[in-house]
Amino acid sequence: MLYKQIEQNKRNTWIILGLYTVLLLAISVFLGAIFTSYVGIGFFIIGLVYIAHVYFDATQHLMKVTNAVEITKETEPVIYELVEELCLAGGLPMPKLYITPDPAPNAFATGRDPEHASLAITQGLLNIMDKKEVQGVIGHELSHIRNYDTRITVLASALTSLITMTGIGIVFFGWGVLTSETKGIFGFFIKILALIVIAVGGIISIIGIPLAKLLFLLVSRQREYLADIGSVDLTREPSGLISALSKLEELEEGADAAEISSQDLTLQHLYFNFPNAHNWLNRLFSDHPPLDKRIERLKNSDKIN
């Protein structure tokens, strides 16, 4: 059953990527229709270049912004051997391993495929989790690598970021022109054009950003559930991951709940847990399912496997 879900997950990846491509083309056509075809074509080409850059540079960028330090079997033998053992169980190549100084308990995996994957664990997670719990979290992240979730997440995040920057950037550019000191009949027409530019940016922001987010939400939560079950498949028992998620739930309910330190858009989607989704609005738009729902599914994992 698990492997059928993984195959379906891979098929869904291509469907979502196709829908993102359609959205990118739609924005390009829209810009071309409002301005000139060169603007639309230029946006599409620049968008593809940006996405390709993020796709191939994601690991280096993420490890840099999180101040991650690569570890080896000599420097961190316990963690390295935990990952090595699970990789052997799952038939996965050994990813590069990192520890970040982030005090928030978290982890993430990235890379375009299992052969180019990296896995990072925060110092905050290592500080509060025991060996069995860390193993459960690592199993979750390795499942993301095995299921090629890291590929779709990086691409989806790049496209969402591109659309966000485009919409907001156009609005700010138009506002700058609108509030300039240009006067006379020439200035009048320039300000009319600025209003059009602001409207275009607003349309892209109001329609494009929610659509991009919705496309990601279509599969992101299911991927988290599947990675949890994948961790059980690798570790052969759910208690470690259940205990890890329960600790995170207790932290979020407490007054001293740790905040995610990085606001990088790509990184937020990759995290093992994205906290502060307590009210209904945050839960509605959260990439991750609530911790209590994840724990409940894991307790019934014998019915899923």
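Me: Is lysine 299 buried or exposed?
Reply: Lysine 299 counts as exposed, because its relative accessibility is 58% (buried is under 20% relative accessible area, exposed over 50%, partly exposed in between, with a 1.4 Å probe and protein chains only). This is a predicted model, where local features need pLDDT of at least 70, side-chain atom pairs count only at pLDDT 80 or more, and totals for chains, interfaces and linings use all residues. Residues are numbered from 1 along each chain as its sequence is written, and side-chain values use heavy atoms, leaving out hydrogens and water.

Me: Which helix is lysine 299 in?
Reply: Helix 11, residues 291-299 (helices are DSSP runs of H or I, at least four residues, and strands are runs of E, at least two, numbered from the N terminus).

Me: Other topic: where is leucine 195?
Reply: Leucine 195 sits in helix 7. With 45% relative accessibility, leucine 195 is therefore partly exposed.

Me: Now the largest pocket. Which residues lie nearest its centre?
Reply: Thr59, Gly111, His116, Ala117 and Ser118 do, out of 20 lining residues (a pocket is an open set of points on a 1 Å grid over the protein atoms alone, where a 1.4 Å probe fits, with protein on both sides within 12 Å along at least five of seven lines; lining residues have an atom within 4 Å of a point).

Me: Which elements give two or more residues to that lining?
Reply: Helix 2 (37-65), strand 2 (96-100) and helix 6 (149-178). Helix 2 gives the most, 5 residues.
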